[in-house]
Amino acid sequence: MTAAPSAAPVAGRTTTRAGRSGSVAWMALPALAIFVVFGVVPLAGVLLLSFAQWDGLGSIHTAGLSNWRSVLSDPGLPHSLFVTFEIMILSWAVQTPISLLLGVFLAGRQRYRALLAVLYFVPLLLSSAAIAITYKALLDPNFGLGAGLHLDFLAQDWLGKSNLALGVVIFVVSWQFIPFHSLIYQAGVRQIPATMYEAASIDGADRLQQFFSITVPQLKYTIITSSTLMVVGSLTFFDLIFVLTAGGPGDATRVLALDMYKRGFQANLMGPASVIAVLLVLIGLGLALLLRRLGGSTTASQQEGV
Amino acid sequence: MMTSRRNFLRLTAGSAAMAAGLAACGSSGPKSTPGSTTGGATGTGATYWFLTGQPQQAIREAQVKRFNDANSGTQLKTTEFQNDAFKQKIKTAIGAGQGPTLIWGWGGGGLKSYVDANQVEDLTSWFDQNAELKNSIFPSAFGAATVGGKIYAMPVETTTPIVLFYNKTAFEKIGAEPPKSWGDILDLVPKFNDKGIAPFSLGGQSRWTNMMWLEFLFDRIGGSEVFQNIFDGKPNSWSDPSALKALEEMQKLIKANGFIKGFSSITADSNADQALLFTGKAAMMVHGAWTYGNMKTSGGKFVTDGHLGYMNFPPVDGGKGDPSDTVGNPGQYLSISSKASQADKDVAKKFLSTSTLDDASVDAWVKSGNIPVVKSAKDKLSSVTDTNDAEWLKFVYDTSANARNFAQSWDQALSPAAAEALLDNIAKLFQLSISPQQFADSMNGVIGK
């Protein structure tokens, strides 16, 4: 519904943009330079290392495809992939509805909502490592929250049972990032013209109908943006999981990023670690592209359909 | 659309050249320092990185202060790290040529990887010149400092065997005696559980804590040869019948609820495992001798009122191991970076010979409840006035000195790659998610790596 009418205005605008582009293209230079130096060059280094044997200390020897063969045949890899996607999907499924609802709620102009918005924002201000250490202390089965409050159901082996540990990771990740995504949704909701809601009320639509028929469709691109950030971001969850569970118990929460770190910096196998790094880049790129496709042409603004 | 893409291409072509220039600048920094000029991260004198954690930290700080006060011209700069952070930081720093002049470590496999990469100085001839210093140190401490017949590190600090600690009050509550054999341990488990006391405390999330159990069971059941074969790289040595038996016994204890509920969520870094023992929530704990100091300071009157008991790990009925054997850290080790300047190396050597095992250091170690790696430690024991400390120190000294075999901790003895695989599999074994056979199979795969 938005795609058809949007085609014409987009074409029109590109022409005007093209006319001015000669003078502004240089503005991309600093960003591009930084991207090349800190993004592309290390990436090329990692790609080369994935075909080499290096323990981080001695000299680097070429190893051909042996790293790729050993990593791809390692049963740990499908497991790490599975855990990565498990955390990605579950944390998305938890964060999206809550952030959406909170964002809609916070978009209201009442003063108490502004106050709550500030409070909700607090977890985002804390560093992941600090959050992880705090949760680890709170979840200690013998000296933590359960023991302190004398609530037996809180005194579980939170980080020692595979399923519980995974749940804890998803909970803490959501707790940390929901404020950020709420903020995105809040901004998105405030962009929706009030006239649409007025028209809907005149037509007799109640709050719930307005939410599903106006708010959610109007937030389509906001949802895609937020989901892209969540999905691609979840590939890089490292600090939090590393401090909270260190990938354990066993390998229950060993996501790809952690697997890479453990191979590279704990087992001193930089070659295989680089293979995983390359895989991470490929998966991240693939997912970002996929989400762009799902959202149609993202150059079209969501206001275009109005 | 077309225009902007062309613009983009023009732009990338231009910036590629610029990026190449930038990249050259970026990489020239670390590359321009091969060998001679810089030893430490700063390149302005000798540096020394070591671990935080009391009482060791204060003793190390005092050693450096004494050295710097006595040698105003050559100052030693220090940086302190938390244990696990240090293990990773030091490897990365050395690999990047940014390591300290004095490299603190546990010897064994980690030291060997530095030696293989030519990162540490051969100290054999230096020790020959300083025979008196060499002879003052426990001979058993040199094993983990020696690679291919050459000494690459000086044993410093303390000898810390792993021992079985117990809470005497907990034993009084169930009216039982401390275990004299593995069978006794298994018998005690239900008795403690019935009284709501966990038989054993364990900081299982740290993984090496679990490993200490296997070190003892392997030794007591099959003798010290079992791990020696693994260390020597003999194929399939993890599936030695004694090894499999030890792994089975381990899982038997776990299945019988021998460890505190939720042990996989507990870390050793926070000392929560020690707290479980001194608060009486757990009756026993297998842990390093280094925990004594903290239990004394943090445990209220637990140590001072004599509630802490300790013993060497008991024998396993029918086992081949010598009950006097112990495992743990025969010492801590200081190596000198081969990439340091000659002046920095000389400062580091002077520090090693004058300030690490001098009288003041030995005194301080003994006072903190540790046995330093020098033979003279025995003479100091009589000067300890605190009866608890005196008894403890005598026990540690006897355990170390009388051990027929003092095996190094596995994760330190093996190469980093094999150690990581080991810790990983141990965590799974303790979770009961793999069987002893699966453990042996996957560990056999990393032998000699």
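**Crossing of helices α8 and α11 in chain A.** In this predicted model, α8(A) passes α11(A) in a right-handed crossing. The two elements, helix α8 of chain A with residues 162-191 and helix α11 of chain A with residues 220-235, have axes that come within 10 Å and cross at roughly 165 degrees. Since angles over 145 degrees count as roughly antiparallel, α8(A) and α11(A) are therefore roughly antiparallel to each other.

**Residues at the contact of α8(A) with α11(A).** On the side of α8(A), the residues A:H181, A:I184, A:Y185 and A:G188 meet A:T222, A:T225 and A:S226, which belong to α11(A). Sorted by class, this contact of α8(A) with α11(A) comprises two nonpolar and five polar residues, with no charged residues.

**Domains 1 and 2 of chain A.** According to the domain assignment, chain A holds domain 1, made up of 44-73 + 268-295, and domain 2, which covers 80-254. The C-alpha centres of domain 1 of chain A and domain 2 of chain A are 30 Å apart. Where the domains touch, eight residues of domain 1 of chain A are in contact with seven residues of domain 2 of chain A, and the side contributed by domain 1 of chain A divides into six nonpolar, two polar and no charged residues.

**Overall dimensions and secondary structure of chain B.** The secondary structure of chain B comes to 20 helices and 14 strands, and its C-alpha trace spans about 80 × 65 × 45 Å along the principal axes. For 449 residues, a compact globule would have a radius of gyration near 22 Å, and the 25 Å of chain B agrees with this.

Note on methods:
Residues are numbered from 1 along each chain as its sequence is written. Chains are lettered from A and ligands numbered from 1 in the order in which they are written. This is a predicted model: local features need pLDDT of at least 70, side-chain atom pairs count only at pLDDT 80 or more; totals for chains, interfaces and linings use all residues. Axes are lines fitted to C-alpha atoms, for helices over the stretch in contact, and angles run from 0 to 180 degrees between N-to-C directions. Helices (H or I, at least four residues) and strands (E, at least two) are DSSP runs, numbered from the N terminus. Angles under 35 degrees count as roughly parallel, over 145 as roughly antiparallel, 65 to 115 as roughly perpendicular and the rest as oblique. A crossing is left-handed if the near helix is turned anticlockwise from the far one by less than a right angle, and right-handed if clockwise. Two residues are in contact if their C-beta atoms, placed from the backbone, lie within 7 Å. Ala, Val, Leu, Ile, Met, Phe, Trp, Tyr, Cys and Pro count as nonpolar, Asp, Glu, Lys and Arg as charged, and the others, Gly among them, as polar. Domain bounds come from an automatic or database domain assignment. The radius of gyration is taken over C-alpha atoms; the globule rule is 2.2 Å times the number of residues to the power 0.38.
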